[in-house]
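Here is a short note to read beside the model. Please keep the 3D view open as you go through the points.

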Amino acid sequence: RMIEIGAALGASRLVFGSWQNRLRGALPLETAIEQAADFFGPLAVRAASQGLQLGIEPIFAGYGNDFLVDHDETARLVEAVGAPGFGLVLDIGCVGLAGEDLDRVVSHHDALIGHVQIAERDLAPLASDNDWHRHAGHRLEGHRREGRLSGLIACIEALTPAGVDPLVSVGSCLDVAQRCY
């Protein structure tokens with residue numbers, strides 16, 4: 001249903017996050033990837049038929065999940081699905097939290113990346129004093145100059161803290177994104 005809603009709203013990307021659905025327990029990684037590919041494959045075909053791409057983001061294991069915890073593991077799922085309606089989300093927050101090398105992630109998975117997401121831990125608003133954003137923005141600009149991440153735009157994923165004016169929070173996030181990315 002979300003695919004049809006997204007298409008009706010003119011979206012080009014939908015992102016599947018949901019760390020609670022990333023618990024494989026004793027299930028071997030290869031089996032989990034096969035089962036996830038069986039689930040996402042038909043959704044990818046459906047998304048593509050509506051002009052959308054369903055993106056899958058890695059989610060740092062520190063949130064309590066044990067499946068698709070970094071870009072390499074998540075890229076394996078995208079490759080297993082092997083459909084244009086299914087892509088890898090480059091999650092800048094996850095790269096930092098998981099201790100991944102941003103340059104390596106982009107250079108290894110550029111062909112699979114369909115969306116870029118900028119976030120902080122626990123979806124906090126982007127922090128102006130977080131040096132990671134300046135570093136990541138600089139590195140991404142270098143990759144764009146080299147022809148990677150072509151045509152992609154980034155979105156901010158953040159929640160407004162309780163007691164904060166949502167417009168102030170959005171404005172602050174946009175300020176950080178414009179300065180750093």
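1. Helix α5 (residues 102-109) lies across β3 (86-91) and β4. It runs at about 165 degrees to β3. Helices (H or I, at least four residues) and strands (E, at least two) are DSSP runs, numbered from the N terminus. Axes are lines fitted to C-alpha atoms, for helices over the stretch in contact (heavy atoms within 4.5 Å). Angles run from 0 to 180 degrees between N-to-C directions.

2. This is a predicted model: local features need pLDDT of at least 70, side-chain atom pairs count only at pLDDT 80 or more, and totals for chains, interfaces and linings use all residues. Residues are numbered from 1 along each chain as its sequence is written, and side-chain values use heavy atoms, leaving out hydrogens and water.

3. Five strands form an open sheet in the order β1-β2-β3-β4-β5, with parallel pairing. Two strands pair if DSSP finds at least two bridges between them. β1 (13-16) and β5 stand at the edges with a single partner strand each, so one side of each has no neighbour in the sheet. From one strand to the next, the twist averages 35 degrees.

4. Strands β4 (residues 113-119) and β5 (residues 154-157) run parallel, joined by four bridges. Ala 119 stands opposite Glu 157 in β5.
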